[in-house]
Amino acid sequence: MTDVQSRLAPGGRTAAGIAFDDEGSGPPVALVHAGVADRRMWSALAATLAGAHRVIRHDVRGVGESLPPTGPWSHHTDLVGLLDELLVTRAHVVGASMGAGIAVEAALARPETVASLVLVAPGGALFDAAPASFRPIWAAEVEALDRGDLDAAVEINLRAWVDGPLRAPDAIDPAVRAFVGRMQREAFELPQWDPEQAPEHELAPPAAARLRELGCPILVVVGDADDPAILAVSERIAAEAPRAHLAVLPGAGHMLSLEQPALFAELLTEFLADVASGGFDGEPTLVPASTGSDLGESAPASSPPPSPPPSASTSADPADPARR
């Protein structure tokens, strides 16, 4: 077994090339990472949840160990396809930043599959337009990548998405900054694919205009030190989605689940218990328990991802708000 195969276990790759981990047993919880991270951002949380839940987490296209698409694709169909391949009929879905948008798209495209949503510092497809405050960040990132300065491109993202607009870098745990920086740099080093040969298709009509269609319980969690645009979209989700509650964490930024992991894990586990019992809003939600063994021997064998060129930029368009 290769090192890559060992690190992926007990998951693998789907037939479509999506790398995932699948651990624990119980009501399934799918974790969708932020755009500046990969599925490793959930490692500690997955270990906490796996005692009572089946925890599934994957790398979205363009980061981590998932393979490039070979034809038309979308983030939410990758997520739904992963759950289908794992024989998961219904799951709680947790998404951070860009991943929150993917989670909502999946819930709109396949409502019966998504039992509840936890939207953490929501962004991506949940914006109806790119926030003006994001554009200088993207422009600076593109400029740094164009000159081959990956260190600068990483630091731009750390300042924007870890530190945030209100805090200096030295106010953040250096281990959190280093962890996110490593994931972001590795994403920048991955080779690009041809978007004409493998175009991305987002949900239509778009998710941002369809919040009132979401019928499942929703917990929105945001830090008060995040970008004001993230706070605004969090408040809009809580106001428009019929069964949504908003939790604002004092002193937390965009990557709040890494900054305050114990508090976030407590909020999440309480939410899952309340949803199951009806304590959230009086309507109990059943999610059938399952185990990772449901997949049996059908998981495709993992293979090492292609070796990245030393200075290739990310495959995703930096000016696309769905990246975050």
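**Exercise 1. The surroundings of D226**

Leaving aside its neighbours within four places in sequence, which residues is D226 in contact with? Work out how D226 sits in this predicted model.

*Solution.* 
- Step 1: locate the residue. D226 is found in the loop between strand 8 (218–223) and helix 8.
- Step 2: check the accessibility. D226 has 3% relative accessibility, and the cut-off for buried is under 20%, so D226 counts as buried.
- Step 3: list the partners. With the neighbours within four places set aside, D226 touches A121, P165, L231, A252, G253 and H254.
- Step 4: look at the side chains. Those of D226 and H254 are joined by a polar contact of 2.8 Å.
- Step 5: D226 and M255 are 29 residues apart along the chain, and their C-alpha atoms are separated by 8.7 Å.

**Exercise 2. Salt bridges**

How many salt bridges does the structure hold?

*Solution.* 
- Step 1: get the total. There are 23 salt bridges in the structure. As background, side chains of opposite charge can pair when their charged atoms come close.
- Step 2: take R61 and D78, whose side chains form a salt bridge with an N to O distance of 2.9 Å. R61 belongs to the loop between strand 5 (54–58) and helix 3 (75–85), while D78 is in helix 3, so this pair ties together parts 17 residues apart in sequence. R61 counts as buried at 8% relative accessibility, and D78 counts as buried at 10%.
- Step 3: move on to D151 and R185, a salt bridge with its closest N and O atoms 2.5 Å apart. Helix 6 (residues 150–163) holds D151 and helix 7 (residues 174–188) holds R185, so the pair ties together parts that are 34 residues apart in sequence. D151 is exposed at 55% relative accessibility, whereas R185 is partly exposed at 30%.
- Step 4: look for a network. One links D21, E23, R39, R57, D59 and E65 through salt bridges.

**Exercise 3. Core and rings**

Which residues have the most contacts inside the largest nonpolar core? Then sort out the aromatic pairs.

*Solution.* 
- Step 1: find the core. The largest nonpolar core has 95 residues, and L117 and F264 have the most contacts inside it. In soluble globular proteins, nonpolar side chains tend to be buried together.
- Step 2: follow L117. Beyond four places in sequence, its contacts include V93, A103, L214, I218 and F271.
- Step 3: count the ring pairs. The whole structure has 5 aromatic pairs. For F134 and W138, the ring centres are 5.7 Å apart and the planes are at 80°, so the pair is edge-to-face. Both F134 and W138 are buried.
- Step 4: group the rings. F127, F134, W138 and W161 make up one aromatic cluster.

**Exercise 4. Confidence**

Where does pLDDT stay under 50?

*Solution.* 
- Step 1: start with the overall numbers. The protein has a mean pLDDT of 90, with 87% of its residues at 70 or more.
- Step 2: pLDDT is under 50 over residues 1–9, which have 16 contacts beyond four places in sequence in the model. pLDDT is also under 50 over residues 296–323, with 63 such contacts.
- Step 3: Where pLDDT is low, the predicted coordinates should not be read in detail.

How values were computed:
Residues numbered from 1 in each chain as written. Heavy atoms only, no water. Salt bridge = Lys/Arg side-chain N within 4 Å of Asp/Glu carboxyl O. Helix = DSSP H or I, 4+ residues; strand = E, 2+ residues; numbered from the N terminus. Buried < 20%, exposed > 50% of the residue type's maximum accessible area, 1.4 Å probe, protein only. Contact = heavy atoms within 4.5 Å. Polar contact = N/O pair within 3.5 Å; in protein donor to acceptor, adjacent residues only side chain to side chain. pLDDT = per-residue confidence, 0-100. Core = buried A, V, L, I, M, F, W, Y, C linked by side-chain atoms within 4.5 Å. Phe/Tyr/Trp six-rings, centres within 6.5 Å; stacked < 30°, edge-to-face > 60°.
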